[in-house]
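Here's a quick briefing to read alongside the model. Have the sequence and the 3D view open as you go.

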Amino acid sequence: MPELPEVETVRAGLAPALTKALIQSVEIFDVRSLKRHLPGPNDFVQTLVGARILAVVRRGKFLWMPLQLAGDNNPAETSVALVGHLGMSGQMLLRLPGAEPDKCNRVTILVQAAGPAQLSNGDTFSGGGFAANELIEFRFIDQRIFGSLAIDRLINTTDAGLGGFQAEFAPTPSASLSDSGSIASESHWWLNRLPESAAHISRDALDPAFDVKALVRRLAAKQTGIKRALLDQQLISGVGNIYADEALWATKLHYDQTAATLTSAKVKELFANVVSILQAAVAQGGTSFDDQYKNVNGESGYFAVSLNAYGQTGQPCKRCATLIKREQWANRGSHFCPRCQKLRP
DNA sequence: CAGAGCTCCTGAGCGC
DNA sequence: TGCGCTCAGGAGCTCT
């Protein structure tokens, strides 16, 4: 189940191959994967063919590619992007034409790679292992069809900061919003924008511009369980069921502890744990728990071996040896240590 | 308005 | 071997 580390692994894999690539053709195998593209599948195909992909950007679990449409000399004015969400079981794979078919392949976008190029930060663009002008199949795989692809307008961020994460424009943690804002230019018009459909999503936990004070303030007013709050993408984005359970275990919090009962120190500790767990998972290429998550080459991530709570039902807690318990919660599972993570008044 | 609950969906895995 | 049941949950929507 893809969360921030899995989506970031996919983004990092797609970016070298797809940046500046030209879309040749689009094949739809299941229109349900385009349910978020309201104008319909024909419009989706017609809009994409001939478009150039300018970047691959992510906020939380949302991923988007700003586009320059065919014959459009003012893409900053048109301001559209191909927006993808992996949902529960989505994968984005890069294959050479003629490669073995993948199960549950819902959409295939054939692109011509731009190949080696100079990036604006001075680094040399490798082409992601693909030669210049090489044809690549971008395959959208999705067993349960909770994910989707759509074309959406990009709108300005309300705080004028970066819309999402894009490695070559990653600000340093000390950079202020205005610093990152100044990066936007005519040639990189999308930097301070994000898809309208993702505009309600909070900055994610790994975003240097994430407002921890605001999180403390908003949680203090939440009369709901802390896990529900962690999964609320409008409060903090990028966290799903796996990393929520891990962060709660690390902070010794019960999933149903009312958010408003936490001290601000405890909220900061929880946030710090979310950040370090997500960072560690990114470094290991994400978690492959049930074979639903793969990187762009179809390989699994290695974070599963580091899990302390999620999927550890019946295993001894690594702190106190009490057996980890799984409880049914909000139509899903919650894993926790009944001794370390007690519900407090 | 805030919070809880429902719903979309299908293939893998398991028991009989 | 084969059939049918169960299970997984992100996020938007709909109730209360």
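Start with helix H8: its buried residues pack against helix H1 (4-18), helix H5 (212-219), helix H6 (226-230) and helix H7 (241-250). Keep in mind that this is a predicted model.

- The buried residues of H8 are Val-267, Leu-270, Phe-271, Asn-273, Val-274, Val-275, Ile-277, Leu-278 and Ala-281.
- An α-helix makes a turn every 3.6 residues, so residues three or four places apart point the same way.
- H8 covers residues 264-283, and at 1.5 Å a residue those 20 residues should span 28 Å; the end C-alpha atoms sit 29 Å apart, so the two values agree.
- Just past H8, Gly-285 adopts a positive phi of about 80°.

**The overall fold**
- Chain A contains eight helices and 14 strands.
- Its radius of gyration is 21 Å, close to the 20 Å that the globule rule gives for 345 residues, so chain A is as compact as a globular protein of that length.
- Taken along the principal axes, the C-alpha atoms of chain A fill a box of roughly 60 × 45 × 40 Å.
- Look at contacts in chain A between residues at least 6 apart in sequence, and 69% of them join residues at least 24 apart.

**Burial, surface and charge**
- In chain A, 52% of the 345 residues count as buried.
- On the charge side, chain A carries 35 positive and 32 negative side chains, and the centres of the two sets are 10 Å apart.

Methods. Residues numbered from 1 in each chain as written. Chains lettered and ligands numbered in written order. Predicted model: local features only at pLDDT ≥ 70, side-chain atom pairs only at ≥ 80, totals over all residues. Heavy atoms only, no water. Helix = DSSP H or I, 4+ residues; strand = E, 2+ residues; numbered from the N terminus. Rg over C-alpha atoms; globule rule 2.2 N^0.38 Å. Buried < 20%, exposed > 50% of the residue type's maximum accessible area, 1.4 Å probe, protein only. Contact = heavy atoms within 4.5 Å. Lys, Arg positive; Asp, Glu negative; His and termini not counted. Charge placed at Lys NZ, Arg CZ, Asp CG, Glu CD. Expected span 1.5 Å × (residues − 1).
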